[in-house]
Amino acid sequence: MAGGSCNAASPADSQHPVTAVDSENQQHDDTDVEMLSNSGNELDFHLEEITPPTRRIPRAFDEIEHSSDDVNYSDNTNIPPTQNPASLPARSRIKRVILTLRDTLQTTYNSFGLCRLYPRRPSFEPDAIIASTLLARTSPAVHGAEPSPNVSAAPPHPFPNMTIYRLMSWMNSGGSMLSETKVSHLVKDVVMAEDFDPKHLEKFSVKRALQELDQDASGKKIVFPDDWIQSSVTISIPTKSRQDGPQPYTIPGFHYRPLVDVIRAAFADAQAKAFHLLPFQRLWKDPLDGHQERVYDELYTSDAWLEAQDSVQKLPKEPGCSLERVIAGLMFFSDATHLANFGTAKAWPLYLYFGNLTKYARASPNSGACHLVAFLPSLPDSIKDILGGLFRISKSGMASLHAHCRRELFHACWEILLDEDFIEAYRHGIIMKCADGVVRRVFPRIFTYSADYPEKALISTIKDMGLCPCPRCITPKSMFGSLGIGRDMKRRLANFRVYTREKVVKARDFIYRWGNTVDGTKVENALGEGSWVPTLNQFVNKLGPLGLDSFRMLVVDFMHECELGTWKALFMHLIRLLYALPQGSQLVALLDCRFREVPTFGNGIIRKFSNNTSEMKRLAARDFEDILQCAIPIFEGLFPAEHDAAVQSLLYQFAQWHALAKLRLHSDSTLTLFEETFSKLSRMLRKFRDRTCAAFNTVELPREKAARQRRATRQSEAGNNAQESGGPRVKKFNLGTYKFHAMGDYTRTIRFFGTTDSFTTQMGELAHRALKMFYPLTSKLDTPAQLAKHERRRRVLRRVAEAGAVSSSSSSSSPSSYSSSSSSPSSYSQPQVEVPTSMPSGKHHSISTIRNNPIDIFSFLRENNGDPAVTNFVPKLRDHILFRLRGLDVTFCDHTFTDEERNLVIIPNNRIYSVQTMQVHYTTYDLRREYDTVNPRSHGDIMVLSGETAPSHPYWYARVVGIYHMEVWLQGSAQPVKQHLEVLWVR
């Protein structure tokens, strides 16, 4: 059976019924019997004939009244679900046995030793339509039939002709600044298109074309159900008065798209062809000893999805429905962002990703995987006028009340988003036709919510940096210092957060009914331990009864918590320690000098350190990652000998933990190593705090002191006359923060949800780029509404292009592909692949065959006469050519050819051709095709395996001086064949 379950017949029709005495009680008890099969075709099983024992129902259950939930309507198809169950005929309490048949399927092991284990046979496999040449840093593309010849087609509605359509699509591709790429797209995709006609632009008006795109008065406008909706959100402000009660306050401008409609649109989109509908386990078999290990990477291979699919299969059968049940994996991200470098313009977008799609597509901002679903409103400044006018409110009380209103607004927005349609879909699923044309029942399930710590505190309804600041457990902050020891790890598992709605309701009664303050003693006592706040958590309130763990979904945030959190804190304290040493300023200057001397590496892997690194001016997360990768040689020798070894060991252990936390493919072995590395790192961090840091008197860095003084100046201007000391304050290394505490949750999170790159907040940060490109196109008034308008325009253009199969003139000969997103350029352009388009999957390298730079060998030698690098250049070149053309083994690299043999090599006109770069292709550990670039001017250092017969070292190290290609052949053969050779000149 394909991916489903088989329900046995009623006891009267079953070969082995289960009987029960005392049938007057009408409550059934369905029993699931799971049967596993590794067969790839059909199930084989039989049951031995066993007489079941006759048992009486325990007396304690005799008095239980039946309810509507106890009735299986699948046996009574003529009875509507709304009918009173008391009117149904009496049935036995235990009516039947349900056999849940799992048709498991395990694929064969591939050349990498990987296979898939499906708990249920998949009915659709999206990876079958992904070309291997696109397994690189790009979104997947679906290859179909050859493109049909260009024919004249009607322009997409509402455009009068294809010329205006292409021009408006180019205009709405994002950005207000013209660049070489944007002008190139204008020429190739608009001006040079076969259907471009300058006469179509007569009397053309941009304003009129945009109005037709936004509002079509003819009535032919394409209406999308997932269009934007504008609403107002009303919250209640406590007034500390029993008589007056809370004061309603309305915040306008909540723009959102209904979640159910977004899900329907996503499954109807072209990109749904790449959706994984059924989860599976990825297994790896060791080629040496044959043992198997679980592999963790995607969300749809995680335990979270497997458990969710299993629970969906066990849900009661819908009346008259036998559709296959699949899951739409929802992954949310939200974060407030500034829209411009100057001013106060900001937005608070909410993004939705589908875990059904591979993380490599979701990680690409141009892949179309990001769905902008809402702009969360912020509290307006005018609310302070209302709060300040309340009776006898202190400054601290006003701050607490403002924070309470902010939490109320956030969860009021989610109360609107989690509407009745979404709850109904969460409970019963959505019947939709999927990309393969098969109708299925799709159950939305929220798996992860990625956010920084302040927003996690909002979502989990806890105090920001309270006594129990962790959103996943109630470990007190006072115990964070025991990071990584046994009792700390046990305490995490024993103290998972459990929401108690009754306590929150009681605390809200004290506030809204009896007039107590938000941070009053009665409210705190009612909430109890755990740093809870008196805000009703809508995730728990609406989705908790349906199985959502609203605290576990708050996954670790690698970018903010590690690279911009723990590592930044450690690096800053290392700089403080250098300043605390004698001649500390000179040591810091030496550190900055060493960073500037570090060369770049790879395609943006390590970039140039241009500024003073110690000042940390405008550094992003990737900059701190580069600092960590280069820190060991940079800090070497800067500390006294008794502390230098400890610092070096700590930096190595932190870099190893960082690399393991960022792995894109984990196995059981690497996760075990990850746990051991964390244990060592936590021990070294405590040792560093207790010994190295205790030996020095560290104070604020100059930038910290300047920032504190600026804050004090602003406070004094606002009327706060608190005096600030002029000298630097003492600073200690602090392990008692949430970000260090979160390091202990990574292994458990990866085992349950997959690797961290699948839910990193970096995806959302990249999605902000589209909003920042839209913002200069707005009038700066009612920014969320205008951003939503621009998002809709791009979405409409993409969908009409998909409906009309409009392609780019520059890519008419390419296979069909899709790129569907509100944050990507218009979909008629092909996705940009960052690998050579002509690269076959098995090719080792690529060198251009252009002949723009010919070199005459003997002229080259005369021009460089006296240069030791060109000594014996021609004999070495001919030796290399003979070695290659005769197909000698690498062990002949020590062989020396005679002059007679060298004279057999013919190079036409003694001419070779120089090129600038060479790309070396390889397969990464996570099975992606990538490449490195060798450039003699910037990245000329290489390392290869030694070819010596008896090597003293396993590798050869060289610097590439030149990259050449040439035409050659050998004399003496009956029919000389000209061959094309590519060579590297190294030393």
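Residues are numbered from 1 along each chain as its sequence is written. Because the model is predicted, local features need pLDDT of at least 70 and side-chain atom pairs count only at pLDDT 80 or more, while totals for chains, interfaces and linings use all residues; side-chain values use heavy atoms, with hydrogens and water left out.

Confidence comes as pLDDT, the predictor's confidence in each residue, from 0 to 100. The protein averages 81, and 76% of the residues score at least 70. Residues 1-52 fall below 50, and this stretch has 108 contacts in the model beyond near neighbours in sequence; contact here means heavy atoms within 4.5 Å. Residues 57-83 are also below 50, with 37 such contacts.

As for the overall make-up, there are 27 helices and 25 strands, taken as DSSP runs numbered from the N terminus (helices H or I, at least four residues; strands E, at least two). Of the 987 residues, 47% count as buried, with buried meaning under 20% relative accessible area, exposed over 50%, and partly exposed in between (1.4 Å probe, protein chains only).

The structure holds 37 salt bridges, each a side-chain nitrogen of Lys or Arg within 4 Å of a carboxyl oxygen of Asp or Glu. One of them pairs K463 with E524, the closest N and O atoms being 2.7 Å apart. K463 sits in the loop between helix 10 and helix 11 and E524 in helix 13, so this pair ties together parts that are 61 residues apart in sequence. Another joins D926 and R664, also at 2.7 Å, N to O. Here the pair links the loop between strand 21 and strand 22 to the loop between helix 18 and strand 16, so parts 262 residues apart in sequence are tied together. D926 is buried at 7% relative accessibility, whereas R664, at 30%, is partly exposed. R708 and E700 pair at 3.0 Å, and both are buried. Salt bridges that share partners also join R472, D488, R491, R492, D745 and R748 into one network.

E318 is a buried residue that goes without a salt bridge: the nearest side chain of opposite charge, R441, is 4.7 Å away (Lys and Arg count as positive, Asp and Glu as negative; His and the chain ends are not counted). E318 lies in the loop between helix 5 and strand 9. Leaving aside neighbours within four places in sequence, E318 contacts R325, H428 and R441.

Finally, L945 lies in strand 23 and is exposed, with a relative accessible area of 64%.
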